Amino acid sequence: MEMSIGIEGTFAPQSGKDTLSVTGHYELPQRDFELIRELGVQQFRYPIPWHRIERQPGSYDWGFLDRVLPSIQDDFGLTIIADPLHHTSYPAWLHRGFLDDRFVEHYTRFVEVFAERYPMVQSYTPFNEPTCTLDFCGFRGFWHPYGTADWLFVWMLEHTARAYAEVVHMLRAKNPQTQILHVDTFEHHAPLDEASLARAQFLNERRFLFEELVLGKVTPTHSLYDYLAKHGFSARGLDWHQEHPIRIDERGGNYYPLNEEQLRGGRTFHAPSHNPRGFAQVAGDYAARLAQPLSLT
């Protein structure tokens, strides 16, 4: 396995907080690039702040990136993996976030304009950590737009998976050598009682759902196909992914203490788990299920 790093770049639409601003990156980007070079890292994930660039629909301000992207390559000898959607880092005018019917069109267009302006960028993470992001936004209600139901989770999944796949197809049409690093969590859910068995089994299947969907593997025989259909994922949308599968070059996994949880009564009881399986065993689940090379990201 390989290890890579990145610069945190989350925007919280509900508060207007921007991590790149809070950490001072906008003011002193060169210092961050110097630190990365000192670590001996040549390529790193770099947030492309959609929320800041497209403050109004269809109007783009590339001033900051025009200054820093050439410097990353020319002055520091580094290359980036573009990260244009880090958690909820969409523009504030998408008031409903991933529920907004305009999401697919505008996100795809944003990445297309970025790719045309910066053709030197050849590696992308189209959506950072979709599994936990959609869980927090669509089911647990932690993040904007605070959904707390399966149908809301599925609605967000339909929009984001379609946007993700459209972006990958568009990028590869422009440059067949484009590399896709899909970054999501490494997670596991353990039941502590009989009442939690079904929920744990469901969550341990759902942890693979986003990538299997965009890879075209969610067919009528998939374990969660009926779940998606029941909660509103359109039959046309499911068919589209089977007809337009994407290719992922590498699957990056993020492993946090909260990624292993214990369930009681069908709900989270201990997170982090009091009896974790550990990184190696959890990552092994993904190695057994997925065909892509794995990395710790």
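Here are some questions and answers about a predicted model.

Reader: What should I know about the model before we start?
Author: Local features in this predicted model need pLDDT of at least 70, side-chain atom pairs count only at pLDDT 80 or more, and totals for chains, interfaces and linings use all residues. Residues are numbered from 1 along each chain as its sequence is written, and side-chain values use heavy atoms, with hydrogens and water left out.

Reader: In what order do the three strands of the open sheet stand?
Author: Helices (H or I, at least four residues) and strands (E, at least two) are DSSP runs numbered from the N terminus, and two strands pair if DSSP finds at least two bridges between them. The edge strands are S7 (188-191) and S10, each pairing on one side only. The pairing is mixed, and the order is S7-S9-S10.

Reader: Which residue in S9 is the bridge partner of His-188?
Author: S7 and S9 pair in the parallel sense, over four bridges. In S9, the partner of His-188 is Glu-260.

Reader: Which residue in the turn between S9 and S10 has a positive phi?
Author: Strands S9 (residues 260-264) and S10 (residues 267-270) run antiparallel and are joined by three bridges. They form a hairpin with two residues between them, and the one in the turn with a positive phi, about 65°, is Gly-265.

Reader: Which residues of H4 do Pro-29, Gln-30 and Phe-33 meet?
Author: Contact means heavy atoms within 4.5 Å. On the H2 side are Pro-29, Gln-30 and Phe-33, and on the H4 side they meet Phe-64, Val-68, Ser-71 and Ile-72.

Reader: Is Leu-85 buried or exposed?
Author: Leu-85 is found in the loop between strand S4 (79-83) and helix H5 (103-117). Leaving aside residues up to four places away in sequence, Leu-85 touches several others, including Trp-50, Tyr-90 and Phe-127. Buried means under 20% relative accessible area, exposed over 50%, partly exposed in between (1.4 Å probe, protein chains only). Leu-85 has 1% relative accessibility, so it counts as buried.
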